[in-house]
Every structure is written in structure tokens, then in C-alpha cells.
Amino acid sequence: MTKHWGMVIDQNRCVGCWTCAVSCKSINNEPLGIFWNRVLTGEPSASASVSGAPPASQAIDVPHGVFPNLALAYQPTACQHCADAPCEKVCPVSATFRREDGVVLVDFERCIGCRYCLAACPYGARAFNWEKEQYAPDFPVGYGRDYRTGGRLVFTPVRPVGVAEKCTFCVERIDVGKKPMCVETCPAGARIFGDLNDPASEVSQAVNRQGGRQLLADLGTRPSVYYLAVDRQGRLTD
Amino acid sequence: MPRIKRRQFIKGMAGGVAAVGVGLSGLRYLEPAGVASASPLTSAPEEKLYRTGHSNNCDGSCGHTVHVVGNRATFIESAPWESSIDGKVKEDYPPRICLRGVSQLQNTYSPDRVKYPYRRVGPRGSGKWERISWEEATTAIAENFRKAQEKYGAKSVWIAPYTGSLSLIEGVIGAGYRFASAIGASAGDFEGDNEGDSACPAGFNYVLADPTLPANGGGIFDGHEYLDYLNSKVIFLWANNLAETSIPDWRTICDARKNGTKLVVLDPRYTPTAAAADLWVPIRPGTDTALVDGMIRWIIQNKRFDEAYVRQYTVAPYLIHPLTKKFLKHKDIVAGGEDKYLVVDEQDGSVKKWDDPGLSKPSLWGTHAVGALKARTALQVLADTLNKYTPEYTAKITDVDAKTVVQLAELYAGNHPAGVKAGFGLSHWYRADLTFQALLTLSALTGNIGVHGGGVTIYSGALLTTAYDIPSWFYPDKKQYTYLPPMQACDAMLESKPYPVKAAWFMVDNYAQQMSDRNKVMKALNSLDFLVVSDYVLSATAELADIVLPACTYLEKTDLLGSGNYYLQYMPKTIQPLWESKSDFEAIGLVAEKMGVGQYFHKTPDDFIKEVLHIGDPQADPTVRGLTWDQLTKGAYRLNTESVPYVPFYNKQFPTKSGKIEFYVELLIPYEQEVCDYKEQAEAFPNNPLLQKYPLVFLSTHTRFRTHSQYCNLPWLKEINNNGEGFLEINPRDAAKRGIADGDVVRVFNGRGEMKVRARLTEGIKQGVTNCYQGGWATRQVKHYIEGHPNNLTHQIANPAQTIVPNFQSNAAYYDCLVQVEKVKG
């Protein structure tokens, strides 16, 4: 049976430290201003969306509620690697494609920069290279070289102008048996990665046991990323 | 659609634009950036991997694997951990890294780096510099130090190698001390008298390690290894925003909770840590001692203390002399008697020496007639003194309601072992020594000291420094520097008290910004005849310097990290120093040569590391005995310790006069602090008349986006942190009273100074309390606050009680600070 790569993010462990996002920037040499992975500050009960959210990180860590009855949760948000991916459907040149193992990728050589995918993604997971981007340091860091799958260029350290980009599940790492960098680096152990088609895998078990929640599930995009919602049971104050 | 709360957004979104708010061009200092331009690789690069330790002073002591291509570091990720040195123990040690660690690439290759030595050419602080050679710079330093020493005495040169790095060769236990000794200069104390972190250690010594005993060398300090929280049934994170400031430790807390451990967080702010807690207690800042006293009273009243432990391991049954307040000794009641504690035998009420073989069981309670004297037991004195802390009385002081006071006491006493992990925020108070004394008293009464999962920890890993042969490192040929802690340095510079300081050399220290009462600090530094600053960026301190030396980051030099945990982490030079930067060790060697003491620096860092660890020496400290050079340089090996995870006083041998836990502290009688009765802070306490003028407590806490003033200006970290701009957290009700809306520019002020910053209204802070993250830069070229810095507001008032612990004798009480806030018009 083919694999279906998926991820579980445990919001009970996530404390919004952004280490996942910064390691993602580092391994993927993301240009300044571009994030494949962001950590949203939200309410524990609802799923937050990044589309049209207030600018920058001005409201980071600001809780909901009225003192002292407050709530605060974090939702790291990147490409959800949807099984029914709107970005893939709208791409007029099939630059966005979904591999058999569920990983949704952008072919940098095919992308024509129409940005339909940016508009179609309900998670705001994509970014666009409008111009020659700035990087810091000003040499490529992280993986540092091109990566092709099935002959298609799905990673290049210095981005061509006019292409869309997003989380690749660190395809160059998972193809050699490593975990995506955000999973590897999460200091809280909040991320699990594995094969959703294998019922014995840690991801499948976490979803089955704890009832993983997909973001904006009612849209029918069938994401491969599941969130374990904050469980307030057993708290001493409520 | 589900209900959506959109709180956060970073550029690069659907429909967003890619214009970047973090351009590099405006940040360049003295020279255009010299980093080589982009040359992307298309084939697999020749990559070398180095294991190093991040000697950052968050105390995290993370292990980093550094990927290097050519002479470029290209990626940093977490590194593995090995067994104990003797191979007997292999801990399941989780990976350790956080966003700051990952960002070290940007730090090393930052356009903010100081690249060459510079000499000041304009007035001090004018930003006018002339590039000079290392030869010229080190000659000028040697000449000016010599001049100051001839005119004002050897001690008038102050060497300040501080906590910007916690490594051995450079930083807080670094070569600066060796240099200070060699030239007879002054220097601060490596043990931790560094600005705001020494009050809690002082409290530790009061109760657990008598500072007058030679074996304690003027004060010791340690805590539980963080993995030990897996053994706790309840964890109290006291003034500790661990999930934000000690991020890799959070995993252990999560793992512990999976097994049912309860998490209590005490903090006036609703931090990410508080948000995750089972119980959040927004206590009034500075009143923690009173809350602990309320818990102790409840535990005593309800007999929830560990009677057997208290009798065996504490001074509880010892009688107190009613007149002198000292322990009543046999010699006090019998002429020519012995210097031995007295107790009352529970069986027949007779007074006996504590070690009398005929003693059945010493009484813990009561007032007993001893000749003409009526003497109480130490526990009775404690109980009587704290009896006023009823839940209601405690609530009045702490603003924690009476029910919660009882709940906290029940949680603490009802879940054994109970571990307290304090944050250094707890230490940033005038009377933080007393708070720690109180917490240790609470911990002792409930049998939590020296047991797995218990204790009161604010820092762990000091054992590593006891494994080092510090005297051989610090005191070459038995020459010894004169001790002058940072809290006393300003007076030495300004008023020649206790003696004049006229020249200084700061290394890995940003004193001009990070020390409290910044206006005083600036005046003091400006009064110096000569100031040298070694740094890798042009810090606020470096801006005032006569000579600036370009320092290396941790990737560019050889060092050893042994701090924060129990692993020795060799730090190899992963890349050659960039531009003309040199390690502080090398810079010191060059100056030493010119001052005639070069012979003390003729060895390499590797040689010194071998010496300090006594590698190959069968007489090496037991914790490092058997360590080989191969082990040290190939991986991170753990000290050999009796307890794993490490627990201080696991053998219940306490280095106090009595050998027991001394919650009754004789040395504090002159300060009326022999037991942990709450006392008011110097400034921020309820009912201080100053509140009329300055009604808000001003905290300046840590954020995850930097470590003190390091890394504040790194693009990756700024992008996710309000573009690096500081803000004042204020409760919406306090803001409304002042007509302040979210985002308004406000002036924060008191009698010492002021700062301007934007207001951030948040329900996540208690009314009457404000907070501005410290550490942002306030230099000519980079301003993370609109004007000023949080330390313009803080004070330098030291608590005299702490002087009984020489190694921790003064503390900067950053949070003991009152301010007023007003909207800036226009």
C-alpha cells in the first residue's frame, strides 16, 4: 500500500515558541518576509485561519477573555497537504501537484506566477516571490541545493522571481527517511509525522485515540494535518 | 465556516505583498556588510558537522549540530547526548534547541557585527570611529590600563566578563578573571553576583549552606536537573514563564503531565505557560513571600507537614535562646558546657543535648523551661511568627483569594514530591532572598528537599563549576583579583567607593543597557578615563567605549560549556573568525603580553580545558574522573553523579553548621529575618505612599525572541515579534483611566527616568501591573523602544541582608519598580 504522509500537531503541548517556523525558514532558506509555517494565537476551541488576519505578529500572545478568565492557544499553520487540494485544482499549468504519498508540491519550473493558488488556499499557506528576494544571511542556508522529484524542481535555495512557494513537508528529507524539520526540532515534542495509511503508525494512533481535528474540515479539502485540540479537562480552576 | 478569530499574520500571505519590513541596509554599522554574496549550489555540498554547545545565558545549554560548508556555517540543529562519563547511565535526554538557537546563523553573519577594532575619535558616544589595527588597539589598552593602575592603584581597572556567555574560556567564568588576577585588577564574581540573579541564591545559602563555613567558599548554589520534574506529582512554576524562556524544558513538563502531574503557575501575567497550566494564580507582584507564609501556616495548622523528615533533617526541634535569639546551646546553660544544640525529650520533658544517646524523641513543639529561661523550639518560633498568615490575611497582601491560598497549600502538601521551579523573575526583587528562604522552608517542612521530584530550583548545573579546578584557572601563581560586583561598580566609578575605578574592560556584557538604574550607569561609564568593550555587535556599552574590539560568536572559537545541565559540551571552532574578529581569550592574551603578564596566556584553550578538568588525573573531581579528551571532543558526556536526574543534597548532608536544614537562620538575626516572615520590598509594595505618584508596578520580563540584549535585531526573530519594536503591556482598565488606546505612544516614568513606547492593551496582565520586555536595544543606530529603555526606570537599591553571603552579596531588583504611565499627545 502506498504511504500517505501526514502530521499531527498537539495543541496541548504547543506554546507558540515559533521554533518550528524559524527552523523551517532556516532549512528551506525562506526569503525575508516569507513564512511557510506560522504560529497563530487563537482561542483553544476554534480553528484559526490565517487568511485576512491582522498584519504582522502584533497580537501575539494576547489572550481571549476578560481577566482573570482567559484562554490562549497556539495553532502552527502551514500547508495542510490536502487530499482534495484547491490549489492543485486551480493551477492552470499543473505546476502544483500531489504526489502519490500525499505531499503537495510546486514545480518551480512550471509555475507561471498567476497566483490562483494563493487565492484558492483557504489556509493562506502560500507565499509569492514578487521580486528578487532578500535573504539573511545573504548566502543559501539549510538544505542549500536543488531537489527534484520525478524530474520536477520542487526546491531551489534561491527563488526565481514570480513563483509561488509553500511547505513541502521537507520532501527532500522525508524521501531519505528523515522527518520534516519542524517535527525534528519542535522543543515541546508537539509534532508527530508518519504514514496515515498505516494504522499502527504514531500519527494514525494519535488521530484515532485523541480525535484529531482538521482545519476548516467543512470545506472538504481533506487535509493531511491533524490538530489535537487543547483539552481543558482536569484543570483545577474551571 | 467555523467561528474564526484571526490573531496573527505574517507577511507573504495570499494576496499579500513581499515588501520586507526587515531590510538590512539601515542596520549596517561601521562598515558595509562583508559577507560573501549568494552562490547557490546545485550539487550536494561537502558538509562538515560539528557538535557544540550554545553557551547562551538562558541557561538552556542546548547542544547544537552545526553544518559547515567551506568556512560557512549553513545550518544549526539539535545535537545528541551521550552517557555519563563512567558509562553507567544513559539518560533519555530529549533534543534541545529553540528559535534563538536556530537563529544563530543570522547572529554570526549579521550585518550588525563589529568587524574591525575601532578607536573613538569624537566625544564619547558620538558614534565617530576610526578603524585601527589589533596592534594599535591592544597597545592603547595596555598603556591606558597601566596609566590608571599607576595613578589610582592596581584595583582601579575593572574587568567585567559577564553572563553573555556561560562558557569556561570566555564569559562568566572566563579568561577575564585570570587576566584580572594577573594584573591585580578588580573583577566581578563569577558565582552569580551578576546583576539580578543573586538574591535567590543568597536565600539558598541562608537555609542550606552556611556561607561562613570555609567548605562553602562564600556561597554555593544548585538545583534539580530539569528531567527530575518527571518525578514530581505537582510542579509549581513560580514566577517562571518556562514555556517561553526555557523552551526545551517545556517538553519535560508536558511529559510529566501526561503521567498526571499537576501544573501550577504563579505569575501576574497570563503567559503562554500560565495559559497551559492546570491552575494559574495571578499574584500581586512582590508579595510571594506572604503567599508562601500562608501556605506554611495552613500546612502547620492542619498537620500536613512531614513530621519524621522535619525531626530528622531540620533544626525544628532545637531550642532557641529567648534573649539572644540564637540557638540555645549546652554551654549557655552549663558553665564550661559543650557547644551543642539542646532539645526537649518528648517522653519526659527533660532538656538534652541533641545527640544525647538517651534521647528518645526530640519534641518539635512548645515553650520549655530551661533553668530560668523559657525557650521555644525553632519550629514553634516559625509557627508563632507565621501564625498571622491566615488565608484571609494572606489574601489581603497577595491579592490571591483565601480559598486559593488553601487550595495551593493543599496541592503542595497533598502531592509528594512537589517541585518548585522558580524563574529568575523571582530573584529580581529587593527581598527575593527572603522569598527563597520561605520556599525552602515550605519545601523542608513537607519533606521535599533532597528527594527526586521535589526541591526548589531556580538554576541547575552549578555542579559543573565545582567539577572545574577554578583556582588554577582564575588565580595564576596565586595572584588574585579584587572582587567588585556590578551592583557596587557604579559607586566605585562615580564616588570612588569603596575605591576608585577609572578604567574598565567589558566582555560579553552590555552593562550600559542591562544593569538597573541606567541613568546612573551611563553617568558612571562616562566618568571613566578609559573604557574597552569587546563585543560582536555595537552594543549600548560598546558605543561608549574608547576602544571597541570585534569579538567572535560561539561558532568562531574554542570553548567549553558546562552550565545549565550536567553535560560537558566541548565547543570547537566551527568556522574561522569572520573579518578581523578575535576571541576574547586571544584579545586578552595580546594585551597581557603588552602588560608583562603574557606568560599566563601562552597555552591554548584546549590546554586550559585539559587542566581545568584534570583530564587523565586520577585525583580529578569524582564527577569528571575518568573523562578522556576523546570523550570530551566527540560528544556531550554527563557528569558522574550519585543521583540521576541530579538532585542536590540527595544524601541529606547539608553544609550548614548543624548539618541540618536551617529554616531558622542565626546569621540573619541582625536583619530580623531569622525566619521567613514576609517583609515589604524597597519600592513596589502595597501601601507604599509612593504609589500615589507612581501607581503601577513595572516589570521588564524576558521574551522568547531574545536572550537579554542578544539576538534582538535578527531578522527571523524580528519578523515574528512586532518587527522588534518594544511595547508596554497594560490592562485595558488601567489604560482607560489614562485615555490610552492600543498602539498609542506612552511615556513611562518615575523619579529615576523615563521611556517612550507603544501601549499594548491586554487582559493578560493584572491591573496595577505593567510590563515591557527588557533587552531591546537603545543605541544610536538601533532603537527597539521609541525612547529610552526599561532600565531607565529600575533602581540599584541592595538588600543588606544578602551581604552575609559573600558570593551573592548584592542583587539588582529590576521588578521592584513603580511607575506612572501617560499618553504622549500628538
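1. Two strands are said to pair if DSSP finds at least two bridges between them, and the helices and strands named below are themselves DSSP runs (H or I over at least four residues for helices, E over at least two for strands), numbered from the N terminus. With that in mind, strand β26 (residues 727–730) of chain B is joined to strand β28 (residues 754–761) of chain B by 4 bridges, and the two run parallel.

2. A word on the source: this is a predicted model, in which local features need pLDDT of at least 70 and side-chain atom pairs count only at pLDDT 80 or more, while totals for chains, interfaces and linings use all residues. Residues are numbered from 1 along each chain as its sequence is written, chains are lettered from A and ligands numbered from 1 in the order in which they are written, and side-chain values use heavy atoms, with hydrogens and water left out.

3. To return to β26(B), 3 bridges also join this strand to β29 (residues 769–772) of chain B, this time in the antiparallel sense. B:F727 has B:R758 as its bridge partner in β28(B), whereas B:E729 has B:N771 as its partner in β29(B). In a regular strand the side chains alternate between the two faces of the sheet. Here B:F727 and B:E729 point one way and B:L728 and B:I730 the other, and all are buried (under 20% relative accessible area; exposed would be over 50% and partly exposed in between, with a 1.4 Å probe and protein chains only).

4. Another part of chain B holds an open sheet of 5 strands in the order β10-β9-β8-β16-β17, with parallel pairing. The edge strands are β10 (279–281) and β17 (456–457), each of which pairs on one side only. Strand β9 (residues 262–266) of chain B pairs with β10(B) over 3 bridges, and the partner of B:V264 in β10(B) is B:L279. Helix α9 (residues 288–301) of chain B lies across β8 and β9 of chain B, running at about 155° to β8(B) (axes are lines fitted to C-alpha atoms, for helices over the stretch in contact, and angles run from 0 to 180 degrees between N-to-C directions).

5. An open sheet of 3 strands in chain B has the order β11-β15-β14, with antiparallel pairing. β11 (319–320) and β14 (367–370) of chain B stand at the edges with a single partner strand each, so one side of each is left without a neighbour in the sheet. Helix α12 (residues 378–386) of chain B packs on this sheet, touching β11 and β15 of chain B, and its direction makes about 80° with that of β15(B).

6. With neighbours within four places in sequence left aside, B:S103 is in contact with A:V22, B:L714, B:W716 and B:L717.

Definitions and conventions. Contact means heavy atoms within 4.5 Å.
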